[in-house]
Amino acid sequence: MKFQPKASHFINGVYVEDTNGAPIDVIYPATGEIIARLHSATPDIVDQALTRAKNAQAEWAAMSGTERGRILRRASDIMRDRNRALSILETHDTGKPLQETLVADATSGADALEYFGGLAASLTGEHIPLGGGDFVYTIREALGVCVGIGAWNYPTQIACWKGAPALACGNTMVFKPSETTPLSALQVAEILIEAGAPKGVYNVIQGYGDVGASLVTDPRVAKVSLTGSVPTGRKVYAAAADGMKHVTMELGGKSPMIVFDDADIENAVSGAILGNFYSSGQVCSNGTRVFVQKGVKEAFLKRLSERLATAKIGDPLDEDVNFGPMVSENQLNIALSYVEKGKAEGARLVFGGERMDGDGFYMQPTVFADVTDDMAIAREEIFGPVMSVLDFDTEEEVLARANDTEFGLAAGVFTNNLTRAHRIVAGFEAGTCYINTYNLAPVEAPFGGSKMSGVGRENSKLAINHFSEMKTVYVSMNDVEAPY
Ligand code: NDP
């Protein structure tokens with residue numbers, strides 16, 4: 001098979017297999033071809049990974065931040081050197097066009113390794129002077145063994161966004177990719193070893209939800225970072241709470257994007273395209289509820305349709321192609337079922353809506369107009385290329401409607417009115433907001449959701465606080481006063 005790794009799991013610096021685990025077929029979404037066959041982790045594999053991660057942690061944490069950082073930065077360089085090969089693998093794993101994977105996956109993972117590698121040497125506690133000469137100092141400590149659980153849309157990026165800050169802080173990690181896209185995290189693990197990471201510092205095991213669940217409940221685990229859907233997040237958060245574990249939850253969304261009539265329409269259309277159709281719409285922060293002020297609605301829809309007609313849909317390995325298949329037949333069917341719901345609910349289909357011929361999991365980019373707030377296509381996360389366009393009249397009205405959702409991952413506004421832009425983002429109930437652009441997530445900026453979309457933040461200096469904790473040391477310079 002074309003992309004068969006040496007074995008399913010990577011534990012303690014080597015590939016490990018246990019064929020007693022349930023089979024996992026890796027399917028190339030563009031053709032339906034099986035490109036690798038792996039096995040889900042058995043309880044023995046889970047135990048091996050956690051034991052090795054636990055054994056490796058003290059030594060890793062005892063290294064200086066400079067040394068840990070150097071290893072992460074070396075791993076970043078290796079990833080960049082191998083970007084093309086890693087991108088080809090990512091395209092096979094996910095179906096995303098090579099045009100995208102070349103710039104958004106291994107490179108984003110490399111950014112995280114470089115950024116957190118750079119921070120590792122300057123992670124410190126602080127000195128807090130008190131009265132009478134006493135003082136407190138704090139020691140920033142690693143949490144221990146961290147578990148990362150990934151979704152299938154950005155497998156390399158997620159493996160690094162979780163691994164890089166965890167390792168920078170002196171933790172070790174057991175990462176479980178989605179069983180739909182299990183290949184690229186193994187490459188991340190290999191590269192870290194090549195870069196000099198001690199064995200056991202970053203381990204990858206495969207598996208379905210049950211494997212994730214067994215990791216989350218293991219007493220050896222100090223922290224769980226999940227990227228996934230809200231229902232899974234609820235389960236994982238509850239299970240982690242039982243063991244009082246730290247969590248980061250990066251979950252789903254149904255984010256609003258507001259286009260005022262004074263906006264640059266060409267830019268707003270670009271934002272709507274990026275925020276709905278990049279990665280065939282399989283992006284958590286997508287702005288899938290596009291509120292367009294009535295005065296520009298038809299002009300917006302016309303330009304959107306004209307530009308969507310020029311999308312190049314096809315073989316994701318062709319670098320001219322900019323719209324690929326969906327990750328799986330299952331995900332395709334979910335998205336198509338929402339197209340039927342949209343039609344049945346009375347929304348106006350203005351573009352696409354059809355499955356495309358062939359064995360791959362392709363559907364057309366799809367736009368509904370005249371969508372109302374109560375329709376399922378406006379309320380539920382679809383995680384596919386289905387955009388809902390809703391009309392609005394006033395600023396006050398649109399902000400209330402934009403926030404009327406259980407989710408709070410992202411939100412965007414297109415307007416040339418400076419004060420209105422800032423007023424709107426101040427009112428958004430969302431973790432990541434955009435003014436006159438959409439869906440950029442540089443490693444320097446915090447990323448994450450509010451409300452049901454998550455807990456904690458990834459990336460930026462804030463991620464450090466989610467992978468370390470402070471020990472407080474009170475130092476007395478005086479005699480101890482006791483009441484009796
Ligand atoms: P799922 O929630 O189905 O799965 C996420 C991961 O959790 C998978 O690895 C899954 O394994 C695992 N899992 C499932 N059940 C459990 C459990 N009980 N305990 C522990 N782990 C479990 O999400 P998808 O993979 O379908 O990804 C799509 C979702 O991810 C969307 O809702 C999307 O919005 C969200 N997402 C959020 C992002 C963010 O940063 N906020 C970014 C990208 C996606 P398995 O797949 O084997 O079942």
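Predicted model: local features only at pLDDT ≥ 70, side-chain atom pairs only at ≥ 80, totals over all residues.
Some ground rules come with it: residues count from 1 along each chain as its sequence is written, and side-chain values use heavy atoms, leaving out hydrogens and water. Local features need pLDDT of at least 70 and side-chain atom pairs count only at pLDDT 80 or more, while totals for chains, interfaces and linings use all residues.

Let's start with the ligand. It has 28 residues around it, and Glu179, Ser229, Thr232, Leu251 and Glu381 come nearest (a residue is near if one of its heavy atoms lies within 4 Å). By class, this shell holds 13 nonpolar, eleven polar and four charged residues; Gly counts as polar here, and Asp, Glu, Lys and Arg count as charged.

The table lists some polar contacts, meaning pairs of N or O atoms within 3.5 Å.

| Residue | Protein atom | Ligand atom | Distance |
|---|---|---|---|
| Gly150 | backbone N or O | oxygen | 2.7 Å |
| Lys176 | polar side-chain atom | oxygen | 3.1 Å |
| Ala213 | polar backbone atom | nitrogen | 3.4 Å |

Taken alone, the ligand exposes 900 Å², and the protein buries 86% of that (areas are Shrake-Rupley values with a 1.4 Å probe). Two or more shell residues come from each of α8 (209-217), β10 (221-227) and α9 (230-242), with α8 giving the most, three residues. Helices are DSSP runs (H or I) of at least four residues, and strands (E) of at least two.

Now for the sheet. Three strands form an open sheet in the order β5-β6-β20, with antiparallel pairing; strands pair if DSSP finds at least two bridges between them. Its edges are β5 (127-129) and β20 (468-475). Strand β6 (residues 135-142) pairs with β20 over eight bridges, and Thr138 has Thr472 in β20 as its bridge partner.

Key: Polar contact = N/O pair within 3.5 Å; in protein donor to acceptor, adjacent residues only side chain to side chain.
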